[in-house]
Amino acid sequence: MSGEGGETPSLEARGEELERALSQVQDRAGWEALRVQWIGRKQGILRSLLDDIKKVDPAHRRAYGEAVNRLKETAERRFAELDASLLAREREAARRSAAVDVTLPGRRPQLGSIHPVTLVIREMEEIFAELGYSVAEGPEVETDYLNFEALNFPQDHPARDTQDTFFLENGLLLRTHTSPVQIRTMLARKPPIRVICPGRVFRNDNDLRHSPMFHQVEGLAVAEGITVGHLKGTLLAFLRRLFAPDVEIRLRPSFFPFTEPSAEVDVTCQTCKGAGCEVCSGTGWMEILGCGMVDPRVLAECGIDPDVYSGFAFGMGVDRVAMNRYGGIPNIRLLFENDERLLRQVRG
Ligand code: DAH
């Protein structure tokens, strides 16, 4: 520092130098580096110019000091201005990159679709609604009484073994069929009763054809004078609507504790139309549901006088119908893996 005049011109040169440097800044990193270099608190150029004030000859000190402070103010203002213009540039760039390019092809929105099991349940509900049935539902966690006892499965009855029950605590269980909803309905309503009860059921069984959770639709009609003829006529009307107007059905004697007599119902195989194929093991028939006349003991247990009223009931698995309906889904587990590809293939 000479201390002899000259400081002001050299500060002017400094000012020009700063302007040149500012004009070359391209981006924020450059701005930040230059800011530290010039007005950085510890080692910035202005810091050292300010420190010089005390070294200047007292005669020039005041003028020098004023000039340095002017330069400092100018520098701060110019950095702030450049900051603002960089910010504006950055915003503009962000806006441009986010802008919609109307020349690009559109992206199709992903549409959800209804699960094949739900589709089949809805279809069944619709058919039965036309036949005058309403829908009843019940809980998936049931008592032993409603799932078994009231349906005439006494404690040690061997038919309980066929149900592969998942037992819970406190005498509760996961319902093994939708039949307890029959009991709930009869306990809650007086005849005439016509309900169907769709829902999830659970059994400890798991292979290509069985899933520990599957779906059933149960049906129940109770009134005066109901006969096997009504049962057969209802099932024929229902299955013809569900499959095809020309399907035939056959009833094979069977056993369920809660119906007497009981039958299993087969329908013409929809793959071979009755000719016999792999799907039906050459029989031409597909087993589709279980049914029977409500056992008088079950009616009595629900407070319905079996001498006045009679009824029929039926129950069927929905999943197998869905597998059959939607292009032969070969494995029941495919229905419950939530693989979107399945849903895309079976849009109803
Ligand atoms: N609950 C039986 C089952 O899961 C199906 C069934 C058969 C229901 C006959 C009925 C019926 O209502 O009458 O195996």
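Trainee: Which domains does the domain assignment of the protein chain give?
Mentor: Domain 1 (8-98) and domain 2 (116-347); the bounds come from an automatic or database domain assignment. This is a predicted model: local features need pLDDT of at least 70, side-chain atom pairs count only at pLDDT 80 or more, and totals for chains, interfaces and linings use all residues. Residues are numbered from 1 along each chain as its sequence is written, and side-chain values use heavy atoms, with hydrogens and water left out.

Trainee: What separates the centres of the two domains?
Mentor: 85 Å, taken over C-alpha atoms.

Trainee: Ok, the ligand. Which residues come nearest?
Mentor: His177, Gln182, Arg203, Gln216 and Glu218, of the 15 residues around the ligand. Being near takes a heavy atom within 4 Å.

Trainee: What does the side chain of Arg203 do there?
Mentor: One of its polar atoms lies 2.8 Å from an oxygen atom of the ligand. For Gln182, a side-chain N or O atom is 2.9 Å from a ligand oxygen atom. A polar side-chain atom of Ser179 is 3.0 Å from a nitrogen atom of the ligand.

Trainee: And how is the shell around the ligand divided by residue type?
Mentor: Five nonpolar, eight polar and two charged. Here Ala, Val, Leu, Ile, Met, Phe, Trp, Tyr, Cys and Pro count as nonpolar, Asp, Glu, Lys and Arg as charged, and the others, Gly among them, as polar.

Trainee: New topic. Which element gives the most to the lining of the second largest pocket?
Mentor: α5, with four residues. Helices (H or I, at least four residues) and strands (E, at least two) are DSSP runs, numbered from the N terminus. A pocket is an open set of points on a 1 Å grid over the protein atoms alone, where a 1.4 Å probe fits, with protein on both sides within 12 Å along at least five of seven lines; lining residues have an atom within 4 Å of a point.

Notes
A polar contact is a pair of N or O atoms within 3.5 Å; within protein, one must be able to donate a hydrogen and the other to accept it, and residues adjacent in sequence count only if both atoms are side-chain atoms.
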